[in-house]
Amino acid sequence: MRHRLCAGGVAMGAALLLAGCAVTPAAPTAQLAASRTALDQARQAGAPQSAAIEYSTARDKLARAEAAFEAQDYTAAIRLSREAEVDAQLAQARAQSTRSQHALAELEQSVRALQAELDRTHRGGGS
Amino acid sequence: MKRTATLLAGAALICAGCQTVPSAANLELQGARQAYHTAQDDPYVQKYGPVELERARTTLQHAEAEWRDNGNSELATHLAYVARQRALTATEVGVRGHAEDRIRFVSQQRDQLLAQAQTRDLDLARMQANDAQAQALSAEQRAARLQAQLAELQAQQTERGLIVTMADVMFDVDSARLRPGASRMLDRIAAVLHDDPQRRVLIEGYSDSQGQDAYNLELSARRAGAVRQALVDRGISADRIDAQGLGEAYPVATNATTAGRQLNRRVEILFSDATGHIASRPLHGSYGSQPSAPMR
């Protein structure tokens, strides 16, 4: 964890120094791995279907990040990769909130039906 | 790439004074601020997405700092974008938390309704079972009580139905006045009629063959009427009781002997079937050796 923070700090520092083009940032291997994990989790949450735009944006950015990584453009790689990660996290969160809302709607529907059934039998049986 | 970044950064620095034209970083930053404030104001984000909200806040701070220090840099645009996506993610986490809150609440509601429905079904079933049982019991009890009462009344099953015979000794001699000893019997007959409201009775008075036919007929009718009145006095509706005098018709024994004549002086109480129907009289009297024509 501390190591990751250090790496993050170094990357951030490197990015800030980019204006001067003085230092080449370290290879963002950890960031790329984190982005792939986030994309996997989004896919498992059903994001390709229920948050299609966010998911495909994340996937495209990860592909571009990997290409930049291959080209050793680590600044672009780390930024694209980080954007891919937050895009994937948003896609996952949207997929999950959509699923919960659907479940809620179904439940509410079933309760309404049950209530109506109870009202009906109450009127019918109460006489 | 690096060169364009450098150029852009340089342009941004140069442009620090002229902020009338919104830059890419500025636009992105505005979007991030808006998304962050929306998330921050949402109580469900505060409840369910504090980690995501804090990440958005930190990144937004970095973006603001980069913007402040370097103006319209690619890094500022990038950080603002990340901040915005994190704020939107926090909002979605809040939406999900809210929906799941509601799911828990509505699930409880549904469980209560299901319990209600089950209780009601059980109540209904129990009520129906109780009703059926009560009816079955009372039918059984009624039948048993009826049998007991009829047995005590020494009712006889005949072609016409159940007949209870009140003997001559129940009346004063040559009179329609009922003796006190008749009370128990009349109480029982009234009890049967009370328990079984569908049932009716036909009361028929008879005499022996001695004396004037007209007198015999009149006395038998008065005796039948006295029994009818006794039952009415015991709470039985008059329209459930028919009474008639038949005189010396339909003897049950010989009129040649004292004992036979005593048997013929009687009042018969004929019970209807359970539906209130009384069968019509057979053509011949029960005492076959001395058939008499029925009086109409």
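A: Let's start at the contact itself: 30 residues of chain A are in contact with 31 residues of chain B, where contact means that the C-beta atoms of two residues, placed from the backbone, lie within 7 Å. On the chain A side, helix H5 (residues 74-126) gives the largest share, 25 residues; helices here are DSSP runs of H or I, at least four residues long, numbered from the N terminus. That side of chain A is made up of 14 nonpolar, nine polar and seven charged residues. Nonpolar covers Ala, Val, Leu, Ile, Met, Phe, Trp, Tyr, Cys and Pro, charged covers Asp, Glu, Lys and Arg, and polar covers the others, Gly among them.

This is a predicted model, with local features needing pLDDT of at least 70 and side-chain atom pairs pLDDT 80 or more, while totals for chains, interfaces and linings use all residues. Residues are numbered from 1 along each chain as its sequence is written, with chains lettered from A and ligands numbered from 1 in the order written.

Now to the largest nonpolar core, which has 49 residues. Such a core is a set of buried Ala, Val, Leu, Ile, Met, Phe, Trp, Tyr and Cys residues joined through C-beta atoms within 7 Å, and buried means 20 or more other C-beta atoms within 10 Å of a residue's own. Among the residues touching the most other members are Ala42(A), Ala91(A) and Ala83(B). H5(A) supplies the largest share of this core, twelve residues. Leaving aside neighbours within four places in sequence, Ala83(B) is in contact with Ala32(B), Tyr36(B), Ala56(B), Thr59(B), Leu60(B) and Ala63(B).

Key. Helix = DSSP H or I, 4+ residues; strand = E, 2+ residues; numbered from the N terminus. Buried ≥ 20, exposed ≤ 12 C-beta atoms within 10 Å, placed from the backbone.
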